[in-house]
Amino acid sequence: MRTQHAGVLRGLDLIETTVGRTLERLQAGLAERLPHRLEAAPPLLRAAVLIPLFVVAARVEVLFTRRTDTVLTHKGQISFPGGQREATDASMVETALRESYEEIGLEVARVTVLGELDDVFTSVSGFIVTPVVGMVEGPPADLTLAPAEVKSVFTVPIDRLQAVHTTQVRQFDGHAYRIHYYTVADDVIWGATGLILHQFLASWERAAV
């Protein structure tokens, strides 16, 4: 996989643009902070997702998957590509990249890993999820989807995601939780994916200043 350093972004011909400078600041900011890690004691399982970033028409867009109705967990929901860690995975980054290749045919060589975000707990499926941020070379159309797992993919510009963010406080087991929603046409991004996206957009906003 690609190593994390500024020179990799230069290889994407972005460094002299506003987008390129923001991506470098994002990469540096993620490298400086220590992500919060949750303990995954049984029966909880470790998993990782990739937040794939594409440059489309001089702006950064985030790729999401629409899950099929036949997958084991989170049927039909909007998510990031990813899945459960395997014993052979050397790291959570490797898990995210392996699962992204298996689900959407994203070649590891196309991904520049920019960093990791805080772990997120999924109460429904019992996973501790590590989000990995990755810059992808090439167009998002050049992907091969696993038909049993992924119905389709779509990308959304970051500025549009920032504009459609809403929240709602819900009570569960005596505790109040803030749920993050991003409504894009007929799709609603929420739950663990919404929380991960909220984390990422906060990091992006700091880098874009």
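Visitor: What percentage of the 209 residues in the protein do buried residues make up, and what makes a residue count as buried?

Guide: Buried residues make up 47% of the 209 residues, where buried means under 20% relative accessible area, exposed means over 50%, and partly exposed lies in between, with a 1.4 Å probe and protein chains only. This is a predicted model, in which local features need pLDDT of at least 70 and side-chain atom pairs count only at pLDDT 80 or more, whereas totals for chains, interfaces and linings use all residues. Residues are numbered from 1 along each chain as its sequence is written, and side-chain values use heavy atoms, with hydrogens and water left out.

Visitor: How do you know what span to expect of helix H2?

Guide: The expected span is 1.5 Å times one less than the number of residues, and H2 (residues 18-32), with 15 residues, reaches 21 Å from its first C-alpha to its last, close to the 21 Å expected.

Visitor: Which residues of H2 are buried, and why are they said to lie on the same side?

Guide: Val19, Gly20, Thr22, Leu23, Leu26, Gln27 and Leu30 are buried in H2. They cover an arc of only 160° around the axis, which puts them on the same side of H2, the arc being that of the directions from the helix axis to the C-beta atoms. On the other side of H2, Thr18, Ala31 and Glu32 are exposed.

Visitor: What makes strand S2 mostly covered?

Guide: Of the 9 residues in S2 (residues 59-67), 7 are buried.

Visitor: Why is S2 said to pair with S1, S8 and S3?

Guide: Two strands pair if DSSP finds at least two bridges between them. S2 pairs with S1 (residues 45-56) over 4 bridges in the antiparallel sense, and Phe54 stands opposite Glu61 in S2. S2 and S8 (residues 150-157) run antiparallel and are joined by 7 bridges, with Leu63 opposite Thr155 in S8. S2 and S3 (residues 78-79) pair in the antiparallel sense over 2 bridges, and the bridge partner of Thr65 is Ser79 in S3.

Visitor: What do S1 and S2 form, and how many residues are between them?

Guide: S1 and S2 form a hairpin with 2 residues between them, and Ala57 in the turn has a positive phi of about 55°.
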